[in-house]
Structure formats: C-alpha cells, structure tokens
Amino acid sequence: MTPELMIKACSFYTGHLVKTHFCTWRDITHKNENVALADKMNRAVTCYDFRLQKSVFHHWHSYMEDQKEKLKNMVLRIQRIIYCHKLTIILTKWRNKARCKNKKKEDELMSKHELQLKKWRNRLLLKGASAEKSNFPEQSSSEVCLVDETLECDISQLPERAILQIFFYLSLKDVLICGQVNHAWMLMTQLSSLWNAIDFSTVKHAIPDKYIVSTLQRWHLNVLRLNFRGCLLRPKTFRSASHCRNLQELNVSDCPTFTDESMRHISEGCPGVLYLNLSNTTITNRTMRLLPRHFHNLQNLSLAYCRRFTDKGLQYLNLGNGCHKLIYLDLSGCTQISVQGFRYIANSCTGILHLIINDMPTLTDNCVKALVEKCSHITSMIFTGAPHISDCTFKALSTCKLRKIRFEGNKRITDASFKFMDKNYPDLSHIYMADCKGITDSSLRSLSPLKQLTVLNLANCVRIGDVGLRQFLDGPASIRIRELNLSNCVQLSDVSVLKLSERCPNLNYLSLRNCEHLTAQGIAYIVNIFSLVSIDLSGTDISNEAFCKNSLILECLDVSYCSQLSDMIIKALAIYCINLTSLSIAGCPKITDSVMEMLSAKCHYLHILDISGCVLLTDQILDDLQIGCKQLRILRMQYCTNISKNAAERMSSKVQQQEYNSNDPPRWFRYDREGNPLTQPENITSSKGHLELTVEKSTYSSEEEAV
C-alpha cells in the first residue's frame, strides 16, 4: 500500500468517523433542545395557569371581601335599626310613664293647691267670725287658754346658747325694749356675749350720747365690734370707745363730727383694731400718721370719700412698722390722690389682696401701673366710675393673680382686655363688665376657656349677640357658671336661651331684662334649667307660664312690663313656686284679685312685692296679703287706680317700706287706667326706654356682698 493510499484511507476514515459522531451529536443536541423547549413550554403554561388562577382568586377574594363588608354593614344597620327601635320603644314607654307621673304630680299639686285654698278661705271665714265676736267685752274660753299658754312660755328657761342665738337677730333698740319687760328678761339682755357687737347706727336718732358712753364703759371688756355709722355724736362720745381695749372692728363712716383728735384717743386705747372704716369723714394727714404707729395688725381699711388727706398722708403709711398686713383697701372717691400717692401705697402696703376704687374720674392707667409694681398679690379689683382706664391697665395687671374684676361704664375697654384675661388670669371667677360698649362677641370667645368662672355680668353690652354667647357656652366656663346677667343685650334671641338650657346645669341667677328679640317659645326653654333661684325677664315678650313649672326652688322673679301676662302665671307661681321671696309684676294690667288671693294663700315667704301698674287690683288683695304674707317687708303700689288710700294707709303699718299712688299709669306703660292698650303708641314718650337702659348696679344679691 502506497503512502498516498494510506493517507487517503486515513483521511476517509477520519472524515467518516467525524461525520458519524457529528450526526450523532447533532441528533442528541436537537433532542435535548426539544426536551428543553417542551420543558419551558410546560413551565410557561404552568406559570400562566398560576398567574391566571392568582388573578381570578384575587378578584374573587376582593369580591368576597366586598360582600362580607356589605353583609357586615347590613348587619350593623339592621342592629342599629333594631337598637333604635328598642330605644324608641323604651323612650316612648319612658315618656308615657313620665307624662303619667308628671300628670299625677300636677294633679297632686292641683289637689293640694285646691285643698290649701279651701283651708285658706275657711280661715278667712273663721277670722271674720272671730272678728265679730271680738266686739263683745266677754273673753272667750279659747282666748283664756291662749293667754294661759302664753304665760307658761318663758324663754329664760332656755339654755344660754339658745337665748344668745335668739337675741343676736335683734337690733340694739329691740334688745333695750326686751330688757324692760321684767327682771328675767333684763338678766337675759345682760349676757356678756350679747354685747360683743354693738350697732349704734340703728338707733342713731333715738339714743343720747350719755347712754352710749355709759354702755361702752359698762361693757368695755366685752366689746369687739362697734358701729357708729351715720351717728352725729360729740367728740367726747367717740373718745369713750378708747376704753374698749379688745376692740377689733370700728365703723365711723358718715360721721361728720369724727375728727383727728377722736382718732388719736381711739388709736391709743385700742391697738388691736383689725377693721377700720373711716369712709366720708373729715380726717386729715394726722390720722394717716396714727395708723401705722398704733394699728400694727390692721387688715381692712376704708378711706372712701375722705378728701382731706393728701399724698403725703399716704406716705405716712410706711412709717414705723407700717401697714404691711393690710389686705383690703377702699379709696373710692379720693380724687386728690395722684400717681405719686399710689406709689406710696405700693411701698407701704405690699400685701393688698382686695382693692376698691369707685367714683374716681382722675384714675388713669399710670396710677394702676404704679400700684401693681410692688402689689403683685392683688386678687380683686373694682373700678366703677373710672372712665379713663383702658386696655393698658389689664396689661399692667398681668403680674397679679386676679380672681375678681369689676368695671362699669367704661368705653375704652375693648376685646383686647379679654384676651389678657384668657392668657394671664386663669383663676378668674367673677367678671363684671356692665355698660362697656366696646365689648363684642370676640370677648366672650376669649372667656370660654376660664374653668373657674362663676359670675359674669355683661349688662348693657349691646354689641353681644348669639354667636359670641354660643362660643362662650361651648367652652368649659359654662359648666360652673352660677350667675349670668345679660340685661339689655338686645341682639340675643331664642337660640341663646336654648343654648343656656343645654350648657348651664348650675345656673342660679339669670337676667334677660329687655332682650326684646326673645319670644315666648325661647323663654319656655328656661324650664330645663332646674337650678334657677332668680330670674329677671322684665321687658321681654313673655306670654305664658311654662317657664316656671319646673322651677320649684325659685325665690326671685321679675316679669314686670310684660303686658301680655295674665292670671295664669300667678296661678302657676302659687302652685309650683311656693318659696318665692321677691316678685315683681309691675306693668302687667291683666292681673286680677282672684289669683292674688291664691298667691297670698300659698307664698308665705314673700318679702318683696311690686304690683305697680296692676290697674285691676282692688283693696281685697291688701287684706289677703296681711293674712297670708306675714313676712312681707316691701310693697310697691304705684299707679294702682282701684286701691284706695285708706286701704294703703292700713297696709303701711304692716310693712317696713311702701310706695303708693292712685294716679293713672304714665303713657310709657302703653295702657290706660282700665288696662286697655293706648290707641296712639307713637305719642308715647321714651321715658321708659331711658329708665330701663340704666345700668342695674346690683341685679343679684351676691353682687352686693363685700369683697
């Protein structure tokens, strides 16, 4: 075999071998690719099916969740409907039960009222019969028994403590009269504790100086409190007070004969005085020099309307031990005091808590700034009749912890002052801002966060409306508010009264005098304020008695000049408000004798009654009042045309104060002497408007209390 053939054979063999292996590799490769492709296809199909299932499941899950939510909401709605239905059934049953109970209560009250009225009339008949029998000189057996029972009653047998408690209610004049009854009564009036406090002001026109001197000399060791207010005494009589070494309180206000010399003797003999009232006397700087020298423990000092001392006298207060324990100071009417004088007060009386400065037109912001620089403990300030005080005063008072503040008749105070209150006086409890024309609804919004506020007087603040009052009542201040005076706030409407009934559960005193936009429907909401003790609705459009049906503790009511009121309100008062002590129905021409008889039969605690302008009332009511209202003290009967002068004179001996005339009602009453409306209201003068828009100095009893 040749090499060429060998090479050829090798090449052929190699090529055949490569071809065979390549074909085999190619077949295997194609087979693996098909398997991989099939596997991929299977995986792709599986993935697609999974995603499709996932998407379908997601949609199904969302659908099911929506269905569940709808089902849940449907169940809740059904439950709510069932609950509301149950509540409706419960409330319906409760309302029916409450109505039945209320109806039963009203029926009981009415039956009780009818029974008491029947007893009252029987009592009148018996009294008339006994009056006829009294014309005979013979004494009946009942009268003899009564005399015997009276003789057996001897209060001298009571314990000393009880006797003192009884005699403490008597004036000095009454005590002296009691001492003249007999020996036992004289001994009772000579108890030493009874003479701890002697008030000569009640007998200033009937008691001589000689008796005052002898009384003070006899009880000089027991006397702790002396009151000479308004007494016109000789200087020697005042000097006799110096024998009372234990004297703690001395009141010589309105004593024109009290001089510096009298003060010198008293200061030397009575170093323990804590309370000193020198109001409206003729003292000078000499007395001011004596105060820090002798009265080291003086706490209360009144220099009101003492115009003869000067700034130098106030500088004397810092001499010696000074008057650093002074906590109460009254400088009303002392117009001679300048800014420097207030600086002297600040230097000597740093502990002042209560400051009163009334009727002082010379008072300015600088005076207050000078005072509060060192008197940072002031908690109570009263500025009435100070027209030059402005918002700067409130800014200066931000260093004090004020709890009571009172301004009246000031036109320079604006809403900015109330913003200071909100931020700097969180403990404010009493706010009196009567007749401050610059106050708007924004001020009430600033007062709403005051949690301690209990008394708010905004009388004659004519720019206050429903919006401001609603914002005030929405705050925490409404919960504790006890007294609210909104007299002459003419923009208030029924919405405000509704809000008051919802947000003021502790309201005791409410005045809505002359709020002309209030209607009978709005005033009816007052029935929901169960805590009311005093209500003033005079000059409003009230025409029914619904507001007083739940006012069982009502004591004072003023519905004067409500000409639409009829006998129904007096009847309701006689049934529901038997604790009334003060009632004013002046200017109500529809009131008659029959309901006043009911009032006399039921309201036995009545002290003050105003029936001026009730032209249908006759002499009969005076007889009823004498029998039923034994505690009546003040009776006003102006323009009562059917009440005779003789009946009024007989009644005057039964009361302490009486006003009467039988003239025709003035034209601003808007009706004639028969109670008929006047036909020409355009001719009526505006006198009533001027009278009613005056500032009510003391609408509530608590505003008369001392600081």
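Which residue meets the side chain of Glu 483 in a salt bridge? Select Glu 483 together with Arg 482, whose side chains form that salt bridge at 3.2 Å from N to O; the term stands for a side-chain nitrogen of Lys or Arg within 4 Å of a carboxyl oxygen of Asp or Glu. Glu 483 is buried, with a relative accessible area of 0%, whereas Arg 482 counts as partly exposed at 28%. Here buried means under 20% relative accessible area, exposed means over 50%, and partly exposed lies in between, with a 1.4 Å probe and protein chains only.

A word on the model before going on. It is a predicted model, in which local features need pLDDT of at least 70 and side-chain atom pairs count only at pLDDT 80 or more, while totals for chains, interfaces and linings use all residues. Residues are numbered from 1 along each chain as its sequence is written, and side-chain values use heavy atoms, with hydrogens and water left out.

**Asp 209 and Arg 234**

A search of the whole structure finds 13 salt bridges, and one of them is formed by Asp 209 with Arg 234, whose closest N and O atoms are 3.4 Å apart. This pair links distant parts of the chain, 25 residues apart, with Asp 209 in helix α6 (residues 209-218) and Arg 234 in the loop between β2 (225-227) and α7 (235-239). Helices (H or I, at least four residues) and strands (E, at least two) are DSSP runs, numbered from the N terminus. Asp 209 counts as buried, at 14% relative accessibility.

**Helices α8 and α9**

Next, select Arg 286 and Glu 261, which meet through their side chains in a salt bridge of 3.5 Å, N to O. Arg 286 lies in helix α9 and Glu 261 in helix α8, so the pair ties together parts that are 25 residues apart in sequence. Arg 286 is partly exposed at 48% relative accessible area, and Glu 261 is also partly exposed, at 30%.

The axes of α8 and α9 come within 9 Å and cross at roughly 5°, where axes are lines fitted to C-alpha atoms, for helices over the stretch in contact, and angles run from 0 to 180 degrees between N-to-C directions. The two helices are therefore roughly parallel to each other, a label given to angles under 35 degrees. On the α8 side, Asp 260, Glu 261, Met 263, Arg 264, Ser 267 and Glu 268 meet Arg 286, Thr 287, Leu 290 and His 294 of α9, contact meaning heavy atoms within 4.5 Å. The residues of this contact divide into 2 nonpolar, 3 polar and 5 charged.

Staying with α9 (residues 285-294), one finds a mostly covered helix, with 7 of its 10 residues buried. Those residues are Asn 285, Thr 287, Met 288, Leu 290, Leu 291, Pro 292 and His 294, and they pack against α8 (260-269), β4 (275-277), β5 (300-302) and α10 (311-315).

Move on to Ser 538, which is placed in the loop between β14 (534-536) and β15 (556-558) and is buried, with a relative accessible area of 1%. Leaving aside residues up to four places away in sequence, Ser 538 touches Leu 512, Arg 513, Asn 514, Asp 558, Val 559, Ser 560 and Cys 562.

Finish at helix α20 (residues 567-576), which is mostly covered, 8 of its 10 residues being buried; among them are Asp 567, Ile 569, Leu 573 and Tyr 576.

Terms used
Parallel < 35°, antiparallel > 145°, perpendicular 65-115°, else oblique. Nonpolar A, V, L, I, M, F, W, Y, C, P; charged D, E, K, R; others polar.
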